[in-house]
Amino acid sequence: MSAKGADNAADNVAHNAADNAQIGGGALGIAPAVGAWVVRAPALALRDVSFTYGPGAPAVLSDVSIEVATGSITAVLGSNGSGKTTLLRLLLGLLKPTTGTVEVEGRPQHDYSRRDLSRRVGLVPQSEPVAFELSVLEFALLGRAPHLGLLDQPGPADRALAIEALDRVGLTALQHRAVPTLSGGEAQLATIARALVQQSVILLSDEPTSHLDPANTRLVLDVLRMLGREGRTVVFTTHDPNLAAAIADQVVLLKQGRVLAAASTAEVLTTERLSATYGMGIEVIQLRGRPLVVPHS
Amino acid sequence: MSAERRGCDERRASRRLWAIAGLLFVCALVSAALGRYPGPFLTPPAALFHDELARNLILNLRVPRILAALLLGATLGGSGAVLQMVFRNPLVDSGFLGVSPGAAFGASLAIVFLGGAPAAVQGSAAAFALLGMAASYLIAQRIRFGDWVLRLVLAGIIVSATLSSATGALKYLADPLKQLPDITFWMLGGLWAITWRDVLHIAPVVLPCLVVLHLMRWRLNVLSLRDETAFSLGVAPGRERLVIVVVAVAATAAVVSKAGQIGWVGLIVPHIARRLVGSDARRALPASMLLGTIFVLACDDVARTLLNGEIPLGLLTSFVGALFFLGVVLRRQAAVRS
């Protein structure tokens, strides 16, 4: 968000943030960050971040400054090639900014060890091709990796967490099925379950529904909404404005690596902004209190 | 439906793992009794007490050979499973990354230029197996496209082709009456020359490597994910994969230096293991090690007892492995059609 937008958003979710520890519930509940001041800080922040993939290469992101309020659901919206995935990889720590800084819960990202960072920030990738046919339960259990040493094996407590996570996303009945035999939506839910087992408070998701049919899309969105209600911070990328409209509290609108707007969903998803971003006639209407984006024929 | 396809009930998979371990125990006992003295195929247990030659044969030839087969099979099966998971490719084995071509080149070099003494051949084979892997790694680091796995695959192909060509040149230079047969025989692979001393040479390298791989078995599941996902789970995918590959290759180099090229074990055994106990490396890795030992032991039993002369072990493992692989491929095709 812009600084102002972030403040507003932070106010909106302040009650969630303060109660983080209680809201999650169960063993998979959100672990409170250390120190009250951290709870007040935005979950994620990019400050004057630019990124290029190599010397002389064009900038993929330029002067990006956004804040993501704790406990909010934020959509990073833009057309193909706008820099959404790069932004997500920067938030994940997979890429280092060429200039500027990334902050996680008020601390510079580079202050975290990789393991500590993965306990705070989890990833739900666009798709997760699994080379070997792990069962759904074995796959979800991989989320314990940040909590286990190099030579450790997961124990009964880890297994119980995985079973609980599968229950949360509605995959208990499929726990012995091989992951490659799942439908697209079920596979995405299994990936979300793995992120729950990881117990990260921030969830990054890259185009979570891009290859799913409407029924599976709804399944995944319901789970993401549930996570948002529980106080987890969710950031997802999408090229579909209606997906952003469906569940996001805030939207970051990207075009050619620059932030065009970053504010509440209603503020960003306007006819003028979207028409300018996508270079085509777009109308935004209200349906059941949510914006609905309709392209002109 | 195989355990691999439906995922795997853990208790059933564990029972199967124990059954495989039991089968290995039986195979080892039977192998000790198999031979061509005093008569073909079976040596009666009583001969251990009454026949000094039989006792010597069993204790000083068969037992070290069985132990070498156990180390060889566990290493090839285990490292095959490890490499397949680390490279996220079920068609990879320890012949990958320039390891086997490196060992073949090292052995040929020692035969042609270093007099062909066994110690020189084994040392040179092990050294070039490791060098083959190191060269693959260094080249992979200089490739500027694709993810780490793709870069390493491409580098492995380049190094393997180069070393195979160099081995061909050595064969061309070799004395056709003495050196060339030695090279050919080494490449066919076998355990006919194994002694207690050989077992004691390779065991201190192989056993710690196998223990490390076994301890890291669950981590292999994480490393079989894409780099981005593994990173998000707190893993350093490049560094951890490298450690595991070096350990697997070190063990392979040690056994290959003594046994020559034994093909297909590392490729097919992990497939069988996954079908029996599922794909979770917590069970698939030990199952691959155990099944690798059973496979090598069985092939070696046939190699030394079927005929009056020795059948090269590598020839048998390749033949059986290729037949099995054909079965797997045809069965998959049928499954797709039906």
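I looked up the bridge partner of A:Arg47 in S4(A) and found A:Thr101. The model is predicted: local features need pLDDT of at least 70, side-chain atom pairs count only at pLDDT 80 or more, and totals for chains, interfaces and linings use all residues. Residues are numbered from 1 along each chain as its sequence is written, chains are lettered from A and ligands numbered from 1 in the order written, and side-chain values use heavy atoms, leaving out hydrogens and water.

Strands of chain A. I noted that S1 (residues 44-52) and S4 (residues 99-104) pair antiparallel over five bridges; pairing needs at least two bridges found by DSSP. Strands are DSSP runs of E with at least two residues, helices runs of H or I with at least four, both numbered from the N terminus. S4(A) is also joined to S5 (residues 107-108) of chain A by two bridges, again antiparallel. In S5(A), A:Arg107 is the bridge partner of A:Val104. Two residues lie between the strands of this hairpin, and A:Glu105 has a positive phi near 50°.

Chain B overall. I counted 14 helices and two strands. The C-alpha trace spans about 65 × 55 × 40 Å along its principal axes. Buried residues (under 20% relative accessible area, 1.4 Å probe, protein chains only) make up 54% of the 338 in chain B.

B:Cys299 is in none; the nearest cysteine sulfur, that of B:Cys27, is 11 Å away. B:Cys299 is buried at a relative accessible area of 7%, and B:Cys209 is buried at 11%.

Conventions:
Buried < 20%, exposed > 50% of the residue type's maximum accessible area, 1.4 Å probe, protein only. Disulfide = S-S within 2.5 Å.
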